[in-house]
Amino acid sequence: MTSLGSPDRFSNLNFVAGVGLREISEDEIRDLEGMSEVEWTQFHRELLLERLVPLAAYALEHGALTASEIQRTQINQDHSRSMSLALVLERRLLEVYSEMSLAGIDVRVLKGSAVARLDYPDPSWRAFGDVDLLVPADSFAGASEILTAAGARRRFPEVSKGFDSRFGKGACFTYADGLQVDLHRSIAEGPFGLTVDLSSLFNDVEEFEIGEVNLRTISRQYRFLHACFHAALGDVSPRLVALRDIAEMLLIKKVNFSDAVVTARAWRAEAVIARAISLAWQRIDLPPNDASAWANSYSPSGYEERALRAYTSENRSYATQVAAGVTAVPGITGKLAYMRALLLPSRQHISGRDSSYWARFRRGAAALRESRSSQ
Amino acid sequence: MAKASAVIKQSPEVISRAGPFGVVILAPRDLEPRLLEGSARLVWDLLSDWSTTQNIAESLAELFGADHGVVSRDVEMVINELIATEAVVVS
């Protein structure tokens, strides 16, 4: 048994992130009791931040972790709370989904509930913190209106009129009770979001059920690609749960990896998949396989390298990502419309992010310069 | 209050998550999720098929070797609460 009272708390979190993906020998069982008070507090906080509490609870139940009674109680209470939140979010999802469907919007559930219910052995293995919905570009404004009419407030106004339905990833809406709905037009911001064939996401449907209601989501192959986009492009250091999703779909649900790579190639996004798989295998410490070998040996194209920089460099920002998207917008007219939207945003958008048109212009111009100089 | 012989089952409209902590359920009339632990969780699990309060109480009294009267009162209390929030449906 390995004591967790070591300074390497990240490896302890990584261990939890991998629970259930492979057999664990007796030597590998981890003991939480050996942690000092400070180490336990830190580890416990990280479990919550990385959304790994459910996996820790199952690790305790199946003997991959051992813990004091107090630690076990804390983890079980946290698990119960995170599952209560999942139920509240699913109720909100049912309300919003039904309103949008009644309005004739062809909506798809992304991430959270769909992944928990379709890609894990049991939905209680996967915690989530919001509702994610994908709608067709031409329904984006209508879907936004439905959310607003239901009392949700958009966190940041649209960059400029029509930007969302033509170029944007989506928008985040929050309710007075703190619940959040992310409304998506695409699955990523910036260049990689602009080369995704959005219609294919709607054509390949899978259904799942919540309380006798059937909901539509994207197929497993697209859920896998979306999980990779989220992990590789979402945050500089992705949450471990996002990496676990990738490993779960590849190792347990046996997503067709070759087909996924072909689709990624068509989207000019093989580098995204490679980065996501490499990160997952590295951080969760999984044994090498065909997918990880492919990911580690993948050599990104010049375009991919430049595009990735907008998401992974130290000075990454919303502005840098959208500015880097110029190269991915097809045609001169499209590029000009995109640049115009970035440099001449709406007053509401500016008041949400920048202090003035001039500050916005300078930031947009700097981001464009930076994007060009790295090409 | 439902009769002990009324045939009841979990409502298909309930959404739930089970784990080592017990089970949390959100029934149509619940404002917030409800945590069912210990014997309340066992009652809930037994309600995955059609049953009666009487049958459930008998099963649990036998399982725990407990007094049938005491178990009956506890089970009845849990089930009445579940019926009030429409977490269970009556045949």
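Me: How much of chain A is made up of buried residues?
Reply: This is a predicted model, where local features need pLDDT of at least 70, side-chain atom pairs count only at pLDDT 80 or more, and totals for chains, interfaces and linings use all residues. A residue is buried if 20 or more other C-beta atoms, placed from the backbone, lie within 10 Å of its own. Of the 375 residues in chain A, the buried share is 45%.

Me: Which domains is chain A divided into?
Reply: Residues are numbered from 1 along each chain as its sequence is written, while chains are lettered from A and ligands numbered from 1 in the order in which they are written. The bounds come from an automatic or database domain assignment. For chain A they give domain 1 (2-67) and domain 2 (82-373).

Me: Which helix gives the largest share of the side of domain 1 of chain A that touches domain 2 of chain A?
Reply: Two residues are in contact if their C-beta atoms, placed from the backbone, lie within 7 Å, and this contact takes 12 residues from domain 1 and 16 residues from domain 2 of chain A. Helices are DSSP runs (H or I, at least four residues), numbered from the N terminus. On the domain 1 side, α1 (9-17) and α3 (53-61) of chain A each supply at least two residues. The largest share, four residues, comes from α3(A).

Me: And what gives the most to the side of chain A that touches chain B?
Reply: Here the contact takes 17 residues from chain A and 14 residues from chain B. Both α3 and α4 (69-102) of chain A supply at least two residues each to chain A's side. With 10 residues, the one giving the most is α4(A).

Conventions
A residue is buried if 20 or more other C-beta atoms lie within 10 Å of its own, exposed if 12 or fewer, and partly exposed in between; C-beta atoms are placed from the backbone.
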